[in-house]
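Reader: I have a model open on my screen and I'd like to learn how to read it. Could you walk me through it, one feature at a time?

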Amino acid sequence: MTVPLVEIFTSVQGEGKYVGCRQIFVRLADCNLRCAYCDTDFSCRDQISIEKLIDEIKKMMSEAPIHSISLTGGEPLLHVDVIRALAEELSGVKIFLETNGTMAAELERVIDVIDIVSMDIKLPRVIGKNLFDAHRRFLEIARRKDLYVKIVVDGETTEEEFLSAVEMIAGVSKEILLVMQPVTVVKKNIRAVRAADLLKYQSMALKILSDVRIIPQTHRIIELP
């Protein structure tokens, strides 16, 4: 089996519930979406064997204790065979899936070997279409594990679209953790969200969900990979 790899490195998780936890990041190539605020190059840089990738991960694990292995992209669920092979070979290590939350059938195939799911919710304005039905199906499966969802909020976000996403989450479970992530401005056409709006949206969401947190991309702040 070959792995379409973008990069592998060790750093700390910069987003969401597990901010600050040391991880090994395995970034797999390709994505099924194109988001306006995406700042990631997910084109394949190397085709390596699964054996070589596992050897590299084990070497990094011997050099520093880690919390988990983050499988990210692009969209890692495009590579379910790789996910299963890694999880089975690295038994006892937590597998942390970073996903756009649109590939429910693929998640079902590997949910038994996943420990943590970090799922992005794509607002219709950002992606150019409504993916809420796909997100809902995905959440129904992902909630079996340690799950949280993120919504990137920018200066163009509206109350209506934000609340529609919150209500979609609550329709699956009001106990799902929501992380509001203020956009990191990396392109000229992206407008930052005002602090007052962030607090307003959080207050609105907390009337519907039990846990809503505002967490920026901390790795950008301290300039970590």
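Author: Happy to. Start with accessibility: a residue under 20% relative accessible area is called buried, one over 50% exposed, and anything in between partly exposed. Keep in mind that this is a predicted model. Take Arg136: its relative accessible area is 32%, so it falls in the partly exposed class.

Reader: Is Asp133 buried, partly exposed or exposed?

Author: Asp133 is partly exposed too, with a relative accessible area of 48%. Asp133 and Arg136 also join up through their side chains in a salt bridge, 2.8 Å from N to O.

Reader: Why can those two reach each other, in terms of where they sit in helix H5?

Author: Look at the spacing. They are three residues apart in helix H5 (residues 132-142), so about one helical turn separates Asp133 from Arg136.

Reader: How many salt bridges does the structure hold?

Author: There are 19 salt bridges. Have a look at Lys200 and Glu159, whose closest N and O atoms are 2.9 Å apart. As for accessibility, Lys200 comes out at 35% and Glu159 at 36%, and both values fall in the partly exposed class.

Reader: Let's move on to helix packing. At what angle do H5 and H6 pack?

Author: For packing, read the angle and the distance between axes together. H5 and H6 pack at about 30 degrees, with their axes 9 Å apart. Angles under 35 degrees count as roughly parallel, so that is the label for H5 and H6. The crossing of H5 past H6 is right-handed.

Reader: Which residues in H5 meet H6?

Author: On the H5 side they are Phe132, His135, Arg136, Leu139 and Glu140. Across from them in H6 are Glu161, Ser164, Ala165, Met168, Ile169 and Val172.

Reader: How many aromatic pairs does a search of the whole structure find?

Author: Five. One of them is Tyr18 with Phe96, an edge-to-face pair with 6.2 Å from centre to centre and 80 degrees between the planes. Tyr18 lies in the loop between strand E1 (2-12) and E2, and Phe96 in strand E5 (residues 95-99), so the pair ties together parts 78 residues apart in sequence. Both Tyr18 and Phe96 are buried. Ring pairs also bring in Tyr148, making a cluster with Tyr18 and Phe96.

Reader: One last stop: where does Asp30 lie?

Author: In the loop between strand E2 (22-28) and strand E3 (46-49). Asp30 is partly exposed, at 40% relative accessibility. From Asp30 to Ser118 the separation is 88 residues in sequence and 18 Å in space, C-alpha to C-alpha.

Methods
Residues are numbered from 1 along each chain as its sequence is written. This is a predicted model: local features need pLDDT of at least 70, side-chain atom pairs count only at pLDDT 80 or more; totals for chains, interfaces and linings use all residues. Side-chain values use heavy atoms; hydrogens and water are left out. A salt bridge is a side-chain nitrogen of Lys or Arg within 4 Å of a carboxyl oxygen of Asp or Glu. Helices (H or I, at least four residues) and strands (E, at least two) are DSSP runs, numbered from the N terminus. Buried means under 20% relative accessible area, exposed over 50%, partly exposed in between (1.4 Å probe, protein chains only). Rings of Phe, Tyr and Trp (its six-membered ring) pair if their centres lie within 6.5 Å; planes under 30 degrees apart count as stacked, over 60 as edge-to-face and the rest as tilted. Axes are lines fitted to C-alpha atoms, for helices over the stretch in contact, and angles run from 0 to 180 degrees between N-to-C directions. Angles under 35 degrees count as roughly parallel, over 145 as roughly antiparallel, 65 to 115 as roughly perpendicular and the rest as oblique. A crossing is left-handed if the near helix is turned anticlockwise from the far one by less than a right angle, and right-handed if clockwise. Contact means heavy atoms within 4.5 Å.
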